[in-house]
Amino acid sequence: MAKILVTGGLGFIGSHTVVELINAGYEPVIVDNLSNSNPKILDQLGKIIGRKPAFYKLDLCSQADITELHDKEPELAGIIHFAASKAVGESVKEPLKYYQNNFFSLINLLEAYKGKKLNFVFSSSCTVYGQPDELPVTEKAPIKTATSPYGNTKQVSEEILRDVVASGSSNKIISLRYFNPVGAHSSALIGELPIGVPQNLVPFITQTAIGKRQKLTVFGDDYNTPDGSNVRDYIHVVDLAKAHVAALKYMESGVDFGGYDVFNIGTGRGSSVLEVIHAFEKTTGVKLNYEIGPRRGGDVEQVWGDVTKAAGQLHWKTELDVDAMMLTAWNWEKYIKDNPL
Ligand code: WQD
């Protein structure tokens, strides 16, 4: 079976992608330094898949670790690169940590496998768009000055990938610009595991509903949106995982796309914070304790993606709706309450 290296493969999106790679007949090989993931997710993956995928605890910023990885896995059909620091707020406080980790890991990986004919999928983000001038935002939208060092690492990483291909690399490369990944696997055996107080909306919702948090604060309802709260393109993490398989298949198909391209990966629809809260309450039957608070600095007012390019070229589109996102996130929250990892 074609081996696919999954860096950050024990993380939220990485672990769900490992499952979809197996479902698609690939052999995933996980690399993770466990700086922002739980090693027990490997056991959870074993329960879903029926066997534990290969796993190396390695730090891609370490030359020695990269050399060890290449010696052990010289022949890969592809790489899906998730491993990166990704907390927007933390990146503002610790920019050098973000620039070192996100750039060194990417560059070391590209250096180790340059000259190989492999397909490389990069985990990028809609954050590269900032507040778009037009909605839905397309891949042709202007890339604005990043609003955080985290966002800047995604913008510059995309430029690095584009330049590597332009230099004549034998790698084919696709960047997937995610919108807001939420939800969990239908088995409730894997899901989002925020460390400490959740920064993101949906884990804060489920932790409030389960009683870990006293109440949710909605960061502002005075925006120029239908109900005043921020609008985002929330995408089920399983749909997102399947987009990575679609990107690999697209590169394997031999279609000439110039060696590098970018795709929006979202639902193409926007949902407000209050709509998400109401969807949670409706699908779970749990009344959520929330209040309206002040705006959060750095939040863009509304953003959702135009996903026609991925539909037309990757032959991929989302299948799961916001209700499924809420129900699976809630089932996962209940699972980890009864089965702490
Ligand atoms: C969503 C909405 C908040 C928490 C970030 C990154 C992005 C990507 C996804 C990595 C906003 C509101 C949130 C809360 C709230 N990450 N909210 N109360 O900021 O859209 O995107 O995560 O790629 O790059 O920027 O996601 O979940 O933090 O916020 O009202 O307690 O929920 O104001 O409107 P965001 P989020």
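## Overall dimensions

The predicted model has a secondary structure of eleven helices and 13 strands. Taken along the principal axes, the C-alpha atoms of the chain fill a box of roughly 55 × 45 × 40 Å. The radius of gyration of the chain is 19 Å, which agrees with the value near 20 Å that a compact globule of 341 residues would have.

Buried residues account for 55% of the 341 residues in the chain, and the chain exposes about 14600 Å², of which carbon and sulfur atoms supply 52%. Among contacts between residues at least 6 apart in sequence, 80% join residues that are at least 24 apart.

## The seven-stranded sheet

Seven strands form an open sheet in the order β3-β2-β1-β4-β5-β6-β11, and their pairing is parallel. Its edge strands are β3, residues 54-57, and β11, residues 260-265, each of which pairs on one side only. From one strand to the next, the twist averages 20 degrees.

Strands of a sheet pair through backbone hydrogen bonds, in either a parallel or an antiparallel manner. Strand β4 (residues 78-81) runs parallel to strand β5 (residues 119-125) and is joined to it by four bridges, with F120 in β5 as the bridge partner of I79.

## Burial of β6 and β11

Six of the seven residues of β6 are buried, so this strand is largely enclosed by the rest of the structure. Although β11 is an edge strand that pairs on one side only, six of its six residues are buried, so β11 is likewise largely enclosed by the rest of the structure.

In a regular strand the side chains alternate between the two faces of the sheet. In β11, Y260, V262 and N264 point one way, while D261, F263 and I265 point the other way, and all of these residues are buried.

## Helices on the sheet and against each other

Helix α6, residues 149-166, lies across β5, β6 (172-178) and β11, and runs at about 155 degrees to β5.

Two packed helices are described by the angle between their axes and the distance between the axes. Helix α3 (residues 63-72) packs against helix α5 (residues 95-112) at an angle of about 35 degrees, with the axes 10 Å apart. The contact is made by Q63, I66, L69 and H70 of α3 together with N108, L109 and A112 of α5, and α3 passes α5 in a right-handed crossing.

When residues up to four places away in sequence are not counted, I48 touches V19, H185, S187, L189 and I190. The C-alpha atoms of I48 and S187 are 7.5 Å apart in space, although these two residues are 139 residues apart in sequence.

Notes
Residues numbered from 1 in each chain as written. Predicted model: local features only at pLDDT ≥ 70, side-chain atom pairs only at ≥ 80, totals over all residues. Heavy atoms only, no water. Pairing = 2+ DSSP bridges. Helix = DSSP H or I, 4+ residues; strand = E, 2+ residues; numbered from the N terminus. Axes fitted to C-alpha atoms, helices over the stretch in contact; angles between N-to-C directions. Contact = heavy atoms within 4.5 Å. Rg over C-alpha atoms; globule rule 2.2 N^0.38 Å. Buried < 20%, exposed > 50% of the residue type's maximum accessible area, 1.4 Å probe, protein only. Areas by Shrake-Rupley, 256 points an atom, 1.4 Å probe, with all protein chains shown as cover. Left-handed = near helix turned anticlockwise from the far one by under 90°.
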